[in-house]
Amino acid sequence: MGCENERDWGCELVEWDCVPKASIHLANALESTNDVLENLIVYPEHMKENLNKLKGAMLSEAVMLHLGEKLGRLSAHEIVYEVCMKAFADGKPVIDDLLEREEVAKHFTRADLEEIMQPEKYVGLSAEFVDRVVAASKDILG
């Protein structure tokens, strides 16, 4: 525990000024966040439309992970990178360019890739992270 005689008063004066102000700003930020969350309107069809604007490139990591199981991580990365760059240049869906690659078509059908490239199914560890945050907040809040 710090004692008054262990440091000069300059530090404490700054703390007396900063800590209350920081607390006020934090309270304001939390209030604004609550307001945003309480009034949030979600349009699932717009979200899906936005997800598809990149024509499948957003889910290239999911494809790369599955392809990596068949060809190895580096080969899969190179193939997916090249396919995404080509898809951007051509304006075609990534899935079409993937299926044009012999090494991809050898392991995956269009149905397989469509299954892999569903954003709803590719959430990674997000559920686990949410559970951790909720558990931690319960510990903090009691």
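Modeller: A word on naming before we start: helices are DSSP runs of H or I with at least four residues, numbered from the N terminus. Also, keep in mind that this is a predicted model.

Biologist: Thanks! Which helix does Glu115 lie in?
Modeller: Glu115 belongs to helix α7, which covers residues 110-116.

Biologist: And is Glu115 buried, partly exposed or exposed?
Modeller: Partly exposed, as its relative accessible area is 40%. The range for that label lies between the buried cut-off, under 20%, and the exposed one, over 50%.

Biologist: How far is Glu115 from Gly72 in space?
Modeller: Their C-alpha atoms are 21 Å apart, while in sequence 43 residues separate Glu115 and Gly72.

Biologist: New topic: how many salt bridges are there?
Modeller: The count is twelve. One of them joins the side chains of Asp17 and Lys21, with an N to O distance of 3.3 Å.

Biologist: Where do Asp17 and Lys21 sit relative to each other in the helix?
Modeller: Both are in helix α1, residues 9-38, and they are four residues apart, so about one helical turn separates Asp17 from Lys21.

Biologist: Okay, what about Asp97 and Lys86?
Modeller: Their side chains form a salt bridge too, at 3.2 Å from N to O. Asp97 is in helix α5 (residues 94-100) and Lys86 is in helix α4 (residues 73-90), so this pair ties together parts that lie eleven residues apart in sequence.

Biologist: Which residue does Arg101 pair with?
Modeller: Arg101 makes a salt bridge with Glu103, and their closest N and O atoms are 3.1 Å apart. Arg101 is partly exposed at 22% relative accessibility, and Glu103 is partly exposed at 27%.

Biologist: Now the helix packing. At what angle do α3 and α4 pack?
Modeller: About 140°, and the axes of the two helices are 7 Å apart. Helix α3 spans residues 60-71.

Biologist: Why is that called oblique rather than roughly antiparallel?
Modeller: Because roughly antiparallel needs an angle over 145 degrees, and α3 and α4 pack at about 140°. The two helices are therefore oblique to each other.

Biologist: Is the crossing of α3 and α4 left-handed or right-handed?
Modeller: Right-handed.

Biologist: Which residues make the contact?
Modeller: From α3, the residues are Ser60, Val63, Met64, Leu67, Gly68 and Leu71. From α4, they are Arg73, Ser75, Ala76, His77, Ile79, Val80 and Cys84.

Biologist: How do the residues of that contact divide into nonpolar, polar and charged?
Modeller: Eight are nonpolar, four are polar and one is charged.

Biologist: Last one: where does Lys55 lie?
Modeller: Lys55 is in the loop between α2 (44-51) and α3. Its phi is near 55°, a positive value in a residue other than glycine. Lys55 is partly exposed, with a relative accessible area of 40%.

Technical notes. Residues are numbered from 1 along each chain as its sequence is written. This is a predicted model: local features need pLDDT of at least 70, side-chain atom pairs count only at pLDDT 80 or more; totals for chains, interfaces and linings use all residues. Side-chain values use heavy atoms; hydrogens and water are left out. A salt bridge is a side-chain nitrogen of Lys or Arg within 4 Å of a carboxyl oxygen of Asp or Glu. Buried means under 20% relative accessible area, exposed over 50%, partly exposed in between (1.4 Å probe, protein chains only). Axes are lines fitted to C-alpha atoms, for helices over the stretch in contact, and angles run from 0 to 180 degrees between N-to-C directions. Angles under 35 degrees count as roughly parallel, over 145 as roughly antiparallel, 65 to 115 as roughly perpendicular and the rest as oblique. A crossing is left-handed if the near helix is turned anticlockwise from the far one by less than a right angle, and right-handed if clockwise. Contact means heavy atoms within 4.5 Å. Ala, Val, Leu, Ile, Met, Phe, Trp, Tyr, Cys and Pro count as nonpolar, Asp, Glu, Lys and Arg as charged, and the others, Gly among them, as polar.
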